[in-house]
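Student: Could you take me through the packing in this structure, one question at a time?

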Amino acid sequence: MSKRTLISALVAAGVLLPAAARKYPAVTFVQQPQAEWRGDSLALSFRAQVDGKLKGAESIEVVPVYFWNGDTLRFPSVLFTTSSEAKYRHRRDALGRGGDAAIVVTQGRRGFAPFDYSRRLVSPRLRRGDLQLMTVLRTCCDSTVTSSVDVPVGEGPVFYASDVSRKDSRFIVEGSLPEPCVEMPCSDLPSPVVKAPLELWEGNVSLFFPLPEERKQRSGDTSMHLNYPVNGSKINRAYNGNESELSRLDEMLVPIAENPGSYRISGISITGYASPEDSYDHNLELSQRRADGLKEYIVSEYGIDPRLVSSVGMGEDWEGLREAILGSDVPAKGDILDIIDGVGIFDGREKILMDLKGGDPYKYMMKHLYPRLRRLEAKVDYSVRPWAEEELDEVIATRPSDMSLNEMWQVARDNNNDSTIKERRLTYGGEYYVMARFFPESDVANLNASSAALIRGHLAEARRYLSMVSESPLAANNIGLYYWMCGMPAEARAYFNIAMLVDPERARRNLSELERWEAGDR
């Protein structure tokens, strides 16, 4: 998109908002930002510092964006933030709730030290464009683009990867590939609009054989909001809705506890939390007693060795409250966060919250946020034996989380081939989607899922999976197919040439078919 379009989009999304009354810190560039083409890549460097100190949920993000030919290429951004906000961001990322990746720079006692930025992105084609460094101020409730710096950029070269000889194979095996001698582009893939409806087969896409796991280590967790009589800690399954909460614990533990021949529990950890009302000592003691109560329940109900079960009470869950506040409509949200971040637990934090704005925000929290803080979390760690071939179909339908990628691959290969594509193209390769669902960090899983999506002709799904691996040379062949289907043959050819490094059989086939397609043989 153009710079004008991007700014308009930010306005429509509510990102460009009037600056608040407080004078916020600003980013200055100690050295003038520089961008230049180095061979096949665009290199960006600058030195930035933050003048002033951030408070609470405030942060400043420097977002480098390269505009060319109606599209954008995004470099990793830099997020200057407070230590408390960095901690909460890390927690959100660990829970899988984070947003776009960014380089996080944390504020120290004396503020921020100057930060040196140096990144380069590879481009597979000739590009002439404009580079901007946008500075975005984020508070608890608003985001404001405060400045934008233009960085001069020259013209980039056309790049094609060189051909290297390698023995062709039916499938590429993870872990046995030569080291690629090229970086992959990491620009955003184009919008998933089919302009060249291709009928692809397994001979077009790259499929990867995942190596077996030496030992399958797994974990499961659940969170429960159980009800008790006042100050009670003993679990009564029939009491006030506890049946539905404990059913989640059944779902996690029953298959494992009742099948010791297939599963071996290495540990169960229980953590209890309380909301902030009442005294700190009382809440700590109550959360411990209720964690102990769940331990007793698990030992008696599922026959687990008590030596494998640990329980700890964490007391008042201020971190959970802060996260709940960020996602709520509580009045005076910014004031509440400032109090939580700036006033100690034993320095009157709760009393100040109770008195804020006549007590209305505290009443809101008591009614809408506090109940979800009173919870028990249980996590089970266990190992799983390898499944026999005749068990695989049933396990992938009932307990896919207890399978390895290699076991899922076996099911996928048994159920999918070119005959499957001919008979039911639109449902081809569902097992590959399962692989990506349960192994979202695996390049092999995402690449195989992208192959299934390309064969189905589902570009939106293919784009989602390919975006997870767009920097891996292993993805070059499939990305080339994606560009081709989006009606961009020049980009497709560039990626197929890169794919000659890792999957020459399919790269050659696709280059040949692309040449015929461009000649009008469609």
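Tutor: This is a predicted model, in which local features need pLDDT of at least 70 and side-chain atom pairs count only at pLDDT 80 or more, while totals for chains, interfaces and linings use all residues. Residues are numbered from 1 along each chain as its sequence is written, and side-chain values use heavy atoms, with hydrogens and water left out.

Student: Which residues is Ile-268 in contact with, leaving aside neighbours within four places in sequence?

Tutor: Contact means heavy atoms within 4.5 Å. With those neighbours set aside, the partners of Ile-268 are Leu-253, Ile-298, Ile-304, Leu-308, Val-309, Ser-310, Lys-379 and Val-380.

Student: Is Ser-404 buried or exposed?

Tutor: Buried means under 20% relative accessible area, exposed over 50%, and partly exposed in between, with a 1.4 Å probe and protein chains only. Ser-404 is found in the loop between helix H9 (392-398) and helix H10 (405-415), where helices are DSSP runs of H or I with at least four residues and strands are runs of E with at least two, numbered from the N terminus. Because its relative accessible area is 5%, Ser-404 counts as buried.

Student: At what distance does the side chain of Arg-218 reach the backbone oxygen of Ser-401?

Tutor: Arg-218 has its place in strand E12 (residues 216-224), and Ser-401 is among the residues that Arg-218 touches, not counting those up to four places away in sequence. From the side chain of Arg-218 to the backbone oxygen of Ser-401, the distance is 2.8 Å.

Notes
A polar contact is a pair of N or O atoms within 3.5 Å; within protein, one must be able to donate a hydrogen and the other to accept it, and residues adjacent in sequence count only if both atoms are side-chain atoms.
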